[in-house]
Amino acid sequence: MLFMAFRIALRALARNKLRSFLTMLGIIIGVGAVIAMVAIGEGAKKRVQEQIASLGTNLLVILPGTVTLGGARTGSGGRQTLVASDARAIMREIPVVAGASPVVRQVQQVIAGDQNWSTPVQGVAPEFQQIREWQVQEGRFISQADIENTAKVALIGQTVAYNLFGDNDPIGAVIRIKKIPFHVIGILGAKGQSGNGTDQDDVVMVPYTTMMKLVMGVTYIQQIIVAAVSADTTQEANNQIASLLRQRHKLRAGVDDDFMIRNLSDIAEAASNSATVMAMLLGSIASVSLLVGGIGIMNIMLVSVTERTREIGIRMAVGARSRDIMLQFIVEAVVMAASGGVIGILVGIGSSNLIKYLAELPTLIRPEIIAISFLVAGAVGVFFGFYPAKKAANLDPIDALRYE
Amino acid sequence: MASDEHPSLSAPLDGRMNGDHGAEVIRICDLHKTYKMGDIEVQALRGINITIRRSEFVAVMGASGSGKSTIMNILGCLDRPTTGAYFLEGQDVSALSSDEWAHIRNRKIGFVFQGFNLLNRTSAVENVELPMMYNGFHSKERRQRAWEVLKLVGLEERSHHLPNQLSGGQQQRVAIARSLVNRPSLILADEPTGNLDTKTSVEIMELFQDLNMKEGITIVLVTHEPDIARYAQRQIVFRDGLIISDTRNH
């Protein structure tokens, strides 16, 4: 029966090709707009997520806790509880951690030949490069051997390179930090300004062991920077690091942590939520055109029922029940809506690709959006076909047969 | 789908219709039909009693407004009597639901109309298949049976023509084939020659006579033309909602 209704519907639509097409056009535009708009929204959301990820949503920073000395509390990082082996333990024992690096830093006067420049000198491990996704423009980064040998090697940031060497090649040159000569082994890629306006390229990096022993003469570190394997696992990494450090620092239950862990995942969530709202907004604006398309179907179906009153009368006279007539017209509306939906999906995919190349906006088409649009188009057919079909089914066969 | 009693293909077309000659097909008892048109009540039928037996060929006559169209609609299970009973093959059909009526129209009644009432842009054979669309026949079987009845009305060579490619007489033959295709108990023909010229009218009436005599099909024909009514064996004349004469040819 359904198959037959389907055939009758196809034939009825084929009889009025232009009219069927124009009616379908409403759905085509509606579905196409939904797909293209959602693709733009999703693309924007993905870009926002990527940008946040590049800020380091998977990053955790571990700082020593505060200490109260005679009623005065030091700021964060006041205690000297973090050591380099904590960083190595975090790397070794927590699977969701991709990398961990100790960080010790101090502003120093750096001298090269007759130039000098005051800049933060930062002692880091080789993992630091991967954690911060920091390119090396020329030369190489600090190696494990440099750490073990407390090698006197340094990488310089773009700002430092410019101020100390101008146009000369700094690789292989010697710079002095606290009168200790360091060989420049590399130039860091440009990182630009940080969120608060600090010039991230104004930096010198040296092995943390060298920094601790030779430059600062300390046994503790100032922070540990950790990268979780993904943004989703940041919180898990956070919890595991906390319990590992409590264990390593031999803190009994009830004793406060002697460290602090900070991460950016809240910011990431907020930004991603606002992108989702934008995607939904675009989608719902486009849905309005789908609604208009549905009304177009209803309009044409009402015309069609009136035009075919006599046909309905004949069908009823030869034994069609009300529900057979109803099914016939609903199927007709659904066929129109669903084929409009299929064409609309193709149009939507095409136009979102066009937008991607012409307007250079990122777009992302998710398969579930395509499936949903198709189902919604079908549902629009059922919904807007229902009233005309009901009208057809409720016709009185005597009147319908007499209709001119 | 309603498919309780598929007559098998191998059965001859007249099998069921000729079966028990003389059994009642239609019995109508004290039938009244009153229409309300605004405040005015129109009594279309005022106490009708008719019995029609199997294989009868009956002409219902009368001027317009005599009630003959009303009785046709009631006989065709398209309209309900106000009071009174209508038995079709012994079953009281006046109390059935509209779905049950659709089933009865499909299986027991074949309609032939003045204006042919074929579906436009639909071939003759597909028009004939139409009633079988609503009782669950497979498409092969439908086509086969449509062919059989088209052959019976002498139109097998035109089976793929569209209605507008056929003459009026040919269109009416298609309509007759359609009315026969489900092997109904009864054919109701409402002014079947009203749109046809005299020569074609004669051909159509001869076809009805043939179907009645050779195939034993029960036919009720509505007409206002005495010449046409003469083809039937029995003439019932309506006037003002009452039967004023009921005569048989001898």
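Buried residues make up 46% of the 250 residues of chain B in this predicted model. In chain A, which has 404 residues, 44% count as buried. The two chains touch each other, with 16 residues of chain A in contact with 20 residues of chain B. The points below treat each chain and then the contact between them.

**Overall make-up of the chains**

- Chain B contains eight helices and ten strands.
- Chain A contains 13 helices and twelve strands.
- When contacts in chain B between residues at least 6 apart in sequence are taken, 72% of them join residues at least 24 apart.
- For chain A, the corresponding share, again among contacts between residues at least 6 apart in sequence, is 80% joining residues at least 24 apart.

**The six-stranded sheet of chain B**

- Chain B holds an open sheet of six strands in the order β6-β7-β8-β3-β9-β10, and the pairing within this sheet is mixed.
- The edges of the sheet are formed by β6 (109–112) and β10 (242–248) of chain B; each has a single partner strand, so one side of each is left without a neighbour in the sheet.
- On average, neighbouring strands of this sheet are turned by 20 degrees against each other, direction ignored.
- Within the sheet, strand β7 (residues 186–190) and strand β8 (residues 219–223) of chain B pair in the parallel sense, over four bridges.
- In this region B:Leu188 stands opposite B:Val220, which belongs to β8(B).
- B:Ser245 has its place in strand β10 of chain B.
- B:Ser245 counts as exposed because 10 other C-beta atoms lie within 10 Å, and a residue is exposed if that number is 12 or fewer.
- The C-alpha atom of B:Ser245 is separated by 9.6 Å from that of B:Met61, although the two residues are 184 residues apart along the chain.

**Helices of chain B**

- Helix α6 (residues 168–180) and helix α7 (residues 198–215) of chain B pack at an angle of about 20 degrees, and their axes are 10 Å apart.
- That angle makes α6(B) roughly parallel to α7(B), since angles under 35 degrees count as roughly parallel.
- The crossing of α6(B) and α7(B) is right-handed.
- On the side of α6(B), the residues that meet α7(B) are B:Gly168, B:Gly169, B:Gln172, B:Arg173 and B:Ile176. Their counterparts in α7(B) are B:Thr200, B:Glu203, B:Ile204 and B:Leu207.
- By class, this contact of α6(B) with α7(B) has three nonpolar, four polar and two charged residues.
- Helix α3 (residues 98–108) of chain B has as its buried residues B:Trp101, B:Ala102, B:His103, B:Ile104, B:Arg105, B:Asn106 and B:Arg107.
- The cover over the buried residues of α3(B) includes α10 of chain A, together with β4 (83–88) and β6 of chain B.

**Strand β1 of chain A and its partners**

- Strand β1 (residues 59–64) of chain A is mostly covered, with five of its six residues buried.
- β1(A) runs antiparallel to strand β11 (residues 223–228) of chain A, and four bridges join the two strands.
- The bridge partner of A:Leu59 in β11(A) is A:Ala227.
- β1(A) also pairs with strand β12 (residues 259–263) of chain A, in the antiparallel sense and over five bridges.
- The bridge partner of A:Ile62 in β12(A) is A:Ile261.

**The helix pair α11 and α12 of chain A**

- The axes of α11(A) and helix α12 (residues 367–393) of chain A come within 7 Å and cross at roughly 150 degrees.
- α11(A) and α12(A) are therefore roughly antiparallel to each other, since angles over 145 degrees count as such.
- The crossing of α11(A) and α12(A) is right-handed.
- The residues in the contact of α11(A) with α12(A) divide into 21 nonpolar, eight polar and three charged.

**The contact between the chains**

- Contact between the chains involves 16 residues of chain A and 20 residues of chain B.
- On the side of chain A that touches chain B, the elements giving two or more residues are α1 (2–15), α10 (309–317), α11 (322–358) and α13 (397–402) of chain A.
- α10(A) provides the largest share of that side, four residues.
- By class, the side of chain A that touches chain B has ten nonpolar, two polar and four charged residues.

Definitions and conventions:
Residues numbered from 1 in each chain as written. Chains lettered and ligands numbered in written order. Predicted model: local features only at pLDDT ≥ 70, side-chain atom pairs only at ≥ 80, totals over all residues. Pairing = 2+ DSSP bridges. Axes fitted to C-alpha atoms, helices over the stretch in contact; angles between N-to-C directions. Contact = placed C-beta atoms within 7 Å. Nonpolar A, V, L, I, M, F, W, Y, C, P; charged D, E, K, R; others polar. Parallel < 35°, antiparallel > 145°, perpendicular 65-115°, else oblique. Left-handed = near helix turned anticlockwise from the far one by under 90°. Buried ≥ 20, exposed ≤ 12 C-beta atoms within 10 Å, placed from the backbone.
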